Amino acid sequence: MSSSPSPALPAPASGSAAAPSKAPSHSPWRSLRYRSMRWWSFANFVSNAGTWMQLTVQNLLVLQITGSAAATGLSMSVQAAPALLISVLGGAAVDRWPRRLTAAVSQALLGAVAFVTAVLVALDRLDMTSLMVLAAVTGVVATVDGPACALLGNDLVPKEDLPSAIGVGALVHQAGRLAGAALAGVAVGLLGTASAYAANGLSFLFVASVIPFLRPVPGAARETGSGGGRTAGRPAADDLSVRQGLAFFVRRPRLLALAGITGISAVFGRNYALTLAVLVTGPLAGGAGAFGTVSTVLAIGGIVGAVLAARLRRPSVRLVGALAAAGGLLQVVAGLSPSLAVLLALVLPMAVVESVSDTAGRAVLQTDPPAHLRGRVLGVWGSVGTVWSLGGPPALGLLMELAGARGALITGGLLIACAIGTGHLLHKRRDTAPVAVRTEEGGLPGKAALGTAA
């Protein structure tokens, strides 16, 4: 029952600080030139550490209260349900309201939920009903908090430094995860389970206290919404409707292509905790220790990929598709692995490709829409992404039942690569289709000249 800010996005130097150099840079750390970005990254680290402290003990607590594994899954579904149903409304709220105020309030509300949970746990009053109510409230607040924090970061760095900011955010997330898991054991051992929830509540309040001091970098897309500072050409209120956000998404080929690439990759790939676990412990005859090694290599690859992705300056949907297809082909080869050593050699590039693709995709998603539509576009994406996260594991599990671990990896990888390749060929064919071009005002001559569609 927690939510953390989206992977840190950039922040600018305050007015008294010297402006960063205008020279193009490919350094993965270039977003840290901005003072507000450094503060935002630190705040995200604190928040992620608090969140992972709570998550480390949360499922065990639910099992302790209910004695039911099904109840644990139900609590997670209740928290995810709002993202499926009302993410678009949350995104619309982010487009209408002042961004910093929205992010600060949502973080404070999430902190309040964590503190209430901590009190109920400490008093031994947390039952199934209160657990579900708190999970639902967390899910609703998160539909606003997610896009608000992501777009707040957008305001803090120039567009070309956004991949660096997202990459830094991914590293901060991993660091917070490691720190939170380690601190959870210490805190629970010394102070009890409630302390993990209290620590998470404090982490949210810390983020809320930092947000008012963040300053947009000159030239970045400024926040919209009443009180957010009107910019030239700001849309009227009727242009801030949920319907307009949905219409923009479905009429934007780049976003639809990105959704298709991400969707098929999420369903038939990337669920390595499931597919590789079965492959290692089954056909490769490894144990829990062997899968732990595979998981460690996956984590290292994710960190390496985040650093490489942070060097990007102009991510594109084409790059995302190429990387996803490459990941699918690597997955096919992994399914054919004759030994654990061969699998480990493939797992690292698989994780690197996935991490770079994810970072590039998020950069496109957060910069392609006009500034006044970005909250609603992220809201639509949140709903679609929830469908993938809920539907992917069962679909992949069914495929594994039918084809086994190797068959699922090979079939899934081929589906990913073939679908992306087919989509690319169709797009290329449409772009190069010959069209008749008028050569004189009166109409077409006997033999029409041929041109290419734009």
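Biologist: How far can the coordinates be trusted, and what pLDDT does the protein average?

Modeller: This is a predicted model. The protein averages a pLDDT of 83, and 83% of the residues score at least 70. Over residues 223-233 the pLDDT is below 50, yet this stretch has 23 contacts beyond near neighbours in sequence. Residues 439-454 also have a pLDDT below 50, with 23 such contacts in the model.

Biologist: What makes up the secondary structure of the protein?

Modeller: There are 13 helices and 2 strands. Of the 454 residues, 47% count as buried. The accessible surface comes to about 20400 Å², and 67% of that belongs to carbon and sulfur atoms. Among contacts between residues at least 6 apart in sequence, 84% join residues at least 24 apart.

Biologist: Why is Val294 called buried?

Modeller: Its relative accessible area is 0%. Buried means under 20%, so Val294 qualifies. Val294 is found in helix H10, residues 288-309.

Biologist: Which residues does Val294 touch, leaving out those up to four places away in sequence?

Modeller: Val294 touches Leu276, Val280, Leu340, Leu343, Leu344 and Val347.

Biologist: What makes Cys149 buried and Cys418 partly exposed?

Modeller: Cys149 has a relative accessible area of 0%, so Cys149 is buried. Cys418 comes to 49%. Exposed needs over 50% and buried needs under 20%, so Cys418 counts as partly exposed.

Biologist: How many disulfides are counted?

Modeller: The count is 0. The rule asks for a pair of cysteine sulfur atoms within 2.5 Å.

Biologist: How many aromatic pairs are there, and why is the pair of Phe42 and Phe206 called by its particular name?

Modeller: The count comes to 3 aromatic pairs. The ring centres of Phe42 and Phe206 lie 5.7 Å apart, with the planes at 85 degrees. Pairing needs centres within 6.5 Å, and edge-to-face needs over 60 degrees. So the pair is edge-to-face. Phe42 lies in helix H1 (residues 35-66) and Phe206 in helix H6 (residues 194-210), so the pair ties together parts 164 residues apart in sequence. Phe42 is partly exposed at 44%. Phe206 is partly exposed at 26%.

Biologist: How do you know what to call the pair of Phe249 and Trp381?

Modeller: The centres are 6.4 Å apart, with 55 degrees between the planes. Stacked needs under 30 degrees and edge-to-face over 60, and the rest are tilted. The pair is therefore tilted. Phe249 lies in helix H7 (residues 242-250) and Trp381 in helix H13 (residues 374-431), so parts 132 residues apart in sequence are tied together. Both Phe249 and Trp381 are buried. Phe249, Trp381 and Trp388 form one aromatic cluster.

Biologist: Which residues touch the most other members of the largest nonpolar core?

Modeller: They are Trp40, Ile211, Phe249, Leu258, Leu365 and Trp381, out of 39 residues in that core. H13 gives the largest share, 7 residues. A second, separate core has 21 residues, including Val280, Leu284, Val347 and Leu399. Val280 and Val347 are also among the residues that Val294 touches.

Technical notes. Residues are numbered from 1 along each chain as its sequence is written. This is a predicted model: local features need pLDDT of at least 70, side-chain atom pairs count only at pLDDT 80 or more; totals for chains, interfaces and linings use all residues. Side-chain values use heavy atoms; hydrogens and water are left out. Helices (H or I, at least four residues) and strands (E, at least two) are DSSP runs, numbered from the N terminus. Buried means under 20% relative accessible area, exposed over 50%, partly exposed in between (1.4 Å probe, protein chains only). Contact means heavy atoms within 4.5 Å. pLDDT is the predictor's confidence in each residue, from 0 to 100. Accessible areas come from the Shrake-Rupley method with a 1.4 Å probe; for residues, only the protein chains shown count as cover. Rings of Phe, Tyr and Trp (its six-membered ring) pair if their centres lie within 6.5 Å; planes under 30 degrees apart count as stacked, over 60 as edge-to-face and the rest as tilted. A nonpolar core is a set of buried Ala, Val, Leu, Ile, Met, Phe, Trp, Tyr and Cys residues joined through side-chain atoms within 4.5 Å.
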